[in-house]
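Start at one residue, then widen the view.

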Amino acid sequence: MAVFTAVSFLLCMALGFVAPEWGLHRPWLQFYLGLTGFDLWSVVLGTAQSLIFGGYAGALLGTI
């Protein structure tokens, strides 16, 4: 689940680079802490948060 969320985040950021006027990247900027836009720091921070949150959700669901 961690890899799925990280890949989803990276695909969404890539779409934001290609077509920023569509605004499909805004949910990522809303739910992830510290993202400022389309800079390298935001991509690294968002990927790390995706791995952490996805790992946590996967562990929780695996436990259930």
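Find phenylalanine 38 in the loop between H2 and H3. Helices are DSSP runs of H or I with at least four residues, strands are runs of E with at least two, and both are numbered from the N terminus. The model is predicted: local features need pLDDT of at least 70, side-chain atom pairs count only at pLDDT 80 or more, and totals for chains, interfaces and linings use all residues. Residues are numbered from 1 along each chain as its sequence is written, and side-chain values use heavy atoms, with hydrogens and water left out.

Buried means under 20%, exposed means over 50%, and partly exposed is the range in between (1.4 Å probe, protein chains only). Now look across to alanine 14. It sits 24 residues from phenylalanine 38 along the chain, yet their C-alpha atoms are separated by 9.1 Å.

Next, move to threonine 47 in helix H3. Threonine 47 counts as buried because its relative accessible area is 18%. Which residues does threonine 47 touch, leaving aside its neighbours within four places in sequence? They are Ala6, Phe9 and Leu10. Contact here means heavy atoms within 4.5 Å.

Phe9 also belongs to the largest nonpolar core. Such a core is a set of buried Ala, Val, Leu, Ile, Met, Phe, Trp, Tyr and Cys residues joined through side-chain atoms within 4.5 Å.

Now step back to the whole protein. It has 3 helices and 0 strands. From the N terminus on, the order is α-α-α. The C-alpha atoms fill a box of roughly 40 × 20 × 15 Å, taken along the principal axes. Of the 64 residues, 33% count as buried. Among contacts between residues at least 6 apart in sequence, 49% join residues at least 24 apart.

How confident is the predictor? Its confidence in each residue is the pLDDT, from 0 to 100. The mean is 87, and 95% of residues reach 70 or more. Among the elements, helix H2 (residues 26-31) has the lowest mean pLDDT, 73. Helix H3 (residues 40-63) has the highest, 93.

How values were computed. pLDDT = per-residue confidence, 0-100.
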